[in-house]
Amino acid sequence: MDLPKVKENCGVVGIYSLSGKNVVPMVFDALRALQHRGQEAWGFAVPNKPPFKKVGLVSHSSSEFKKIAKEYESSCVIGHVRYSTMGTSTLDNAQPLKVKDLCIAHNGTIANAQELSNLVGGCSFTPQNASDTLVAAERLVSLISENGEMGKALSILKNEMVGSYCFTFISDDNSVYAARDPKGFRPMVLGHKESDDTYIVTSESAAVTAVGAELQRDVVPGELIKLSKTGLETEKFSTDDSRAHCSFEFTYFAHPSSKMEGKNIYVSRKRIGQFMAKKFPINDADLVIPVPDSARPAALGYAQELGVSFDEGLLKDRYSKKGPLRSFIEPHQSDRVEINRWIIPISEIIKDQHVVVIDDSLVRGTSSKAIIKALRRAGAKKISMLITYPQINYPCYAGIDFPSQEELATYTDGKTMTSDEITEMVRQSIGVDFLGYNDAENLANAVGIPKDSMCFTCSSGNYDSLGIKPDFTKREQVKAKI
């Protein structure tokens, strides 16, 4: 039986209070701070109870927080916000998931879920409840029962599992665990709140700040953290020292206030803009504007470096139903179009100007086409567009929703084309006067992380860091939604 191809890049959190404080209210705040990582569903789990899960945004349930916190009162909790490429926003694959006495929340993609399912009896899965997270959880529980310890089980599982993962677990013996994959594809940090001696491990430091805790450090790739009544314990389940930090986190996915791998995201994005100004100095520009919201720091950095006026020429309508949401992580094309429809140009700022538009990425081209058309209608004299992320030419197998090659704006339909020719093709497609993409070296230098410690697979097509060689002639791998 084939597993449904679900791919997720989500947000996870685990909280443990050594003083015995009820931390369920804290998980609400943490998940709200991670909402930019997933808008489809959210949930949390405490020991000895089924996980609590809801479709939609965390804030939609704010009127019930007090009641829920009382009902699920606990000094330890894990939580999850979900974003996936699955076409339906239901609770079927919402997390955390419970397997025996262990609940699991996962951020990433297990690329060989089918192989893993065969190790735990794949026939037990149905299209309604199967996901790569469930498969990993089933296998992990099986290994724990054989080996007795989480660390030993993970050291075996890491050799069986291909992909990216940050896990938080909670067990019925009141222990919270967190694990980050050996390459560090997905981010994970550790924080501590001194006033009530509470630890938090989570996808981003924005969630640490949201609960009033202090960021302590990144979770080291290949590290397992255990939080229990005896305090914090840590061990390594992998000695691999090569890294593949997701470069897309730095331009788009992460919250601008967060700190990853020792780098503040806002400062990194601003520096990316400054480096883009050196790569593409458009000296006859009248105005630099960002595509809201994640491109704002880069646009500011670009404008300041060139000495060109910066302004808000595009605004999101935050009062429409879909306006405040992030289009990229919506699973339906119709919803992505609806969100972009509520990015509104300010004609008084744009009219008769040569406008340089800075955006964080160009994936399908849906947003870019809509924005260029809107700027033309608003009277822009000339439009140049700069993309702070390199050309996206290949699907991602490490947890970001880059769709099949044929859905990408750079799809060449089998023709051999140079990078410059692809750029020209995309330029014509979206209707802009000039289009410029960042390159991997420039991005890495701006962030201050070595290029070979970052993952650029979706641009280069080199999947060595994942240990796989996809065959894009096969339809199921072209779709790349594992």
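Helices α8 and α9 are oblique to each other in this predicted model. Their axes cross at roughly 45° and come within 7 Å; α8 covers residues 265-279 and α9 covers residues 296-306. The crossing of the pair is right-handed. On the α8 side, the contact is made by Tyr266, Arg269, Lys270, Gly273, Gln274, Met276, Ala277 and Lys278. Helix α9 contributes Pro297, Ala298, Leu300, Gly301, Tyr302, Gln304, Glu305 and Leu306. Sorted by class, the residues of this contact are eight nonpolar, four polar and four charged.

**The chain as a whole**

The protein chain has 482 residues, of which 60% count as buried. It holds 16 helices and 23 strands. Among contacts between residues at least 6 apart in sequence, 71% join residues at least 24 apart.

In soluble globular proteins, nonpolar side chains tend to be buried together. The largest nonpolar core in this model has 49 residues, and the members that touch the most others are Val288, Tyr302, Val356, Ile358 and Leu386. Helices α8 and α9 each supply at least two residues of this core, as do α7 (248-253), β20 (354-359), α14 (440-447) and β23 (454-455).

**Two loop residues**

Asp360 is placed in the loop between β20 and α12 (366-377). Ser59 lies in another part of the chain, in the loop between β3 (52-55) and α2 (65-71). The table gives their accessibility.

| Residue | Relative accessibility | Class |
|---|---|---|
| Asp360 | 5% | buried |
| Ser59 | 30% | partly exposed |

Asp360 counts as buried because its relative accessibility is 5%, under the 20% limit for that class. With residues up to four places away in sequence left out, Asp360 touches Thr251, Tyr252, Ser294, Ala295, Ile387, Thr388 and Tyr389.

Methods
Residues are numbered from 1 along each chain as its sequence is written. This is a predicted model: local features need pLDDT of at least 70, side-chain atom pairs count only at pLDDT 80 or more; totals for chains, interfaces and linings use all residues. Side-chain values use heavy atoms; hydrogens and water are left out. Axes are lines fitted to C-alpha atoms, for helices over the stretch in contact, and angles run from 0 to 180 degrees between N-to-C directions. Helices (H or I, at least four residues) and strands (E, at least two) are DSSP runs, numbered from the N terminus. Angles under 35 degrees count as roughly parallel, over 145 as roughly antiparallel, 65 to 115 as roughly perpendicular and the rest as oblique. A crossing is left-handed if the near helix is turned anticlockwise from the far one by less than a right angle, and right-handed if clockwise. Contact means heavy atoms within 4.5 Å. Ala, Val, Leu, Ile, Met, Phe, Trp, Tyr, Cys and Pro count as nonpolar, Asp, Glu, Lys and Arg as charged, and the others, Gly among them, as polar. A nonpolar core is a set of buried Ala, Val, Leu, Ile, Met, Phe, Trp, Tyr and Cys residues joined through side-chain atoms within 4.5 Å. Buried means under 20% relative accessible area, exposed over 50%, partly exposed in between (1.4 Å probe, protein chains only).
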